[in-house]
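Please read them with the structure open.

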Amino acid sequence: MPKEQANWSPYDNNGGSCVAVAGADYCVIAADTRMSTGYNILTRDYSKICKLADKCVMASSGFQADVKALQKHLAARHLIYQHQHNKQMSCPAMAQLLSNTLYYKRFFPYYSFNVLGGLDNEGKGCVFTYDAVGSYEKVGYSCQGSGSTLIMPFLDNQLKSPSPLLLPAQDAVTPLAEAEAIDLIKTVFASASERDIYTGDKLEIVVINADGIRREYMDLRKD
Amino acid sequence: MFRNQYDTDVTTWSPAGRLFQVEYAMEAVKQGSAAIGLRSKTHVVLGCVNKANSELSSHQKKIFKVDDHIGVAIAGLTADGRVLSRYMRNECINYNFTYESPLPVGRLVVQLADKAQVCTQRSWKRPYGVGLLVAGLDESGAHLYYNCPSGNYFEYQAFAIGSRSQAAKTYLERRFENLADSSRDDLVKDALMAIREALQGETLKSSICTVAVVGVGEPFHILDQETVQQMINAFEIVGEQEGPAAEPDAAAGQEAAAEQGGSTDEGVAPMDI
């Protein structure tokens, strides 16, 4: 007798795409604001981006309920860190914490595909990319979500990140200026919105640099 | 008379119906250096005297931020106070996680009191040897509570605990009726005056006291030494003339700050913050 399968899943995919690009002294994190389920749109105005620390921002696509829980969990852990160390967590520290938090639920994962972006302790941009169970890597740029298969090849073409297997170890940071990086991201999302039905409505861009954090929006196709 | 017979452990009553171990714990609070608190309708100020054990050591941290809207000043066994602050911080974080809103001060204080009570009814435990002045803001306004090692708690308009706190309390008793409508700055000045009373003769300088404020639109934070020194200079001059003059104070403040040199540097030992 064939094994009976569950017809209920604890997970859902709310779609959407996230991108992050690191520069010499800035970091840009962007995500669309469409939240969907199946072939329906739940809302056109949902932020997938969350500020975890002063110089550290996370964008996540996947199951937004898990994303929300993950964000709350990290925010609480950050508060504890601040009480104990009297300072904000650095981006690399938060990166490790996120990895550990995800692996903690290795056998009932957060259905959350994350990119973490920010400035490291020296003020250089850094981007970390994750899978659902916490495997992570520091990279110069990355994308996750439903549009990632469309976006990633284009970013590879434009940003040519050196392979982490190369020796001597090379810088994983792009040579682009801040304005150019933002422009690239806008182009990339406009393209992804054309063919990925789950990406569209509005693009939210967060830029972190020495001056602080600022937010920008751009309209995308609503179909 | 029979005090020594019935004071061996906390679970033994005396014939007069007292728990001596708990009372001894309250004595420990009286031995600690002074901490004061006062509140208006919109702000609560905490202050404490920082007495280092010797000239070579740094002083102990006695004021802790518990959450954006709650802070605590302790007197007595600082280690016990630190542990209780960690508990309070945890409770605030957990409450916020579940209810997405700040933990009401009154609730936290009850939880703290219940935790202290447990230690008065277990033979393998001892009471916490620390008194806590909990300052916080919630929907029902500004609050100041005092938590005892006994597990009791009281709400106050103004209070002082620790050694030589009676002098500060006397000052506060004179002032407390006017506190409710005080401005934030006047409240801080009153706190500094109360601390001065607790110092009894010693010159009040920002290096031997700590002041923290929480209020409407102002998350709990400890004032930095320069600000405190400027306020000290402002009101020490007030005794001779009407009102604080801005320019002479800034100069005096800078002089005093230069004197203290390294102690105003935020990069020094975290204990100094």
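This is a predicted model: local features need pLDDT of at least 70, side-chain atom pairs count only at pLDDT 80 or more; totals for chains, interfaces and linings use all residues.

1. Helix pair in chain A. Helix α3 (residues 148–159) and helix α4 (residues 178–195) of chain A have axes that come within 9 Å of each other and cross at roughly 150°. Angles over 145 degrees count as roughly antiparallel, and α3(A) and α4(A) are therefore roughly antiparallel to each other. The crossing of α3(A) and α4(A) is right-handed.

2. Residues in that contact. From α3(A) the contributors are Leu150(A), Ile151(A), Phe154(A), Leu155(A), Gln158(A) and Leu159(A). From α4(A) they are Leu184(A), Val188(A), Ala192(A) and Arg195(A). By type, the residues of this contact of α3(A) with α4(A) divide into 8 nonpolar, 1 polar and 1 charged.

3. Salt bridges overall. Side chains of opposite charge can pair when their charged atoms come close. Over all chains, the count comes to 22 salt bridges.

4. Lys202(A) with Asp45(A). These two residues form a salt bridge in which the closest N and O atoms are 3.0 Å apart. Lys202(A) lies in strand β11 (residues 202–209) of chain A, while Asp45(A) lies in the loop between β4 (40–43) and β5 (49–53) of chain A, so the pair ties together parts that are 157 residues apart in sequence. The two partners fall into separate accessibility classes: Lys202(A) is partly exposed at 22% relative accessible area, and Asp45(A) is exposed at 53%.

5. Glu216(A) with Lys186(A). What does this salt bridge tie together? The closest N and O atoms of Glu216(A) and Lys186(A) are 3.2 Å apart. Glu216(A) belongs to strand β12 (residues 212–219) of chain A and Lys186(A) to helix α4 of chain A, so the bridge joins parts 30 residues apart in sequence. Glu216(A) is partly exposed, with 22% relative accessibility; Lys186(A) is partly exposed as well, with a relative accessible area of 23%.

6. The network around Glu216(A). Glu216(A) also meets the side chain of Arg214(A) in a salt bridge, at 3.3 Å from N to O. Arg214(A) is partly exposed, its relative accessible area being 35%. Glu178(A), Lys186(A), Arg214(A) and Glu216(A) are linked in a network of salt bridges.

7. Chain B in outline. The secondary structure of chain B comes to 7 helices and 10 strands. Of its 273 residues, 47% are buried. Among the contacts in chain B with a separation of 6 or more, 61% are between residues 24 or more positions apart.

8. Ser85(B). This residue is found in helix α2 (residues 78–99) of chain B. Is Ser85(B) buried or exposed? The cut-off for buried is under 20% relative accessible area, and Ser85(B), at 1%, is buried. Leaving aside neighbours within four places in sequence, Ser85(B) is in contact with Phe64(B) and Val72(B).

9. Glu218(B). Strand β10 (residues 218–222) of chain B holds Glu218(B). Glu218(B) is buried, with a relative accessible area of 14%. Not counting residues up to four places away in sequence, Glu218(B) touches His43(B), Arg184(B) and Val213(B). Glu218(B) and His43(B) are 175 residues apart in sequence, and their C-alpha atoms are 8.6 Å apart in space.

10. Positive phi at Glu100(B). Phi of Glu100(B) is near 50°, a positive value in a residue other than glycine. Where does Glu100(B) lie? Its place is the loop between α2 and α3 (105–118) of chain B. Glu100(B) is exposed, with 53% relative accessible area.

11. Positive phi at Gln200(B). Gln200(B) is not a glycine, yet its phi is positive, near 50°. Gln200(B) is found in the loop between α5 (184–199) and β9 (209–215) of chain B. With a relative accessible area of 48%, Gln200(B) is partly exposed.

Note on methods: Residues are numbered from 1 along each chain as its sequence is written. Chains are lettered from A and ligands numbered from 1 in the order in which they are written. Side-chain values use heavy atoms; hydrogens and water are left out. Axes are lines fitted to C-alpha atoms, for helices over the stretch in contact, and angles run from 0 to 180 degrees between N-to-C directions. Helices (H or I, at least four residues) and strands (E, at least two) are DSSP runs, numbered from the N terminus. Angles under 35 degrees count as roughly parallel, over 145 as roughly antiparallel, 65 to 115 as roughly perpendicular and the rest as oblique. A crossing is left-handed if the near helix is turned anticlockwise from the far one by less than a right angle, and right-handed if clockwise. Contact means heavy atoms within 4.5 Å. Ala, Val, Leu, Ile, Met, Phe, Trp, Tyr, Cys and Pro count as nonpolar, Asp, Glu, Lys and Arg as charged, and the others, Gly among them, as polar. Buried means under 20% relative accessible area, exposed over 50%, partly exposed in between (1.4 Å probe, protein chains only). A salt bridge is a side-chain nitrogen of Lys or Arg within 4 Å of a carboxyl oxygen of Asp or Glu.
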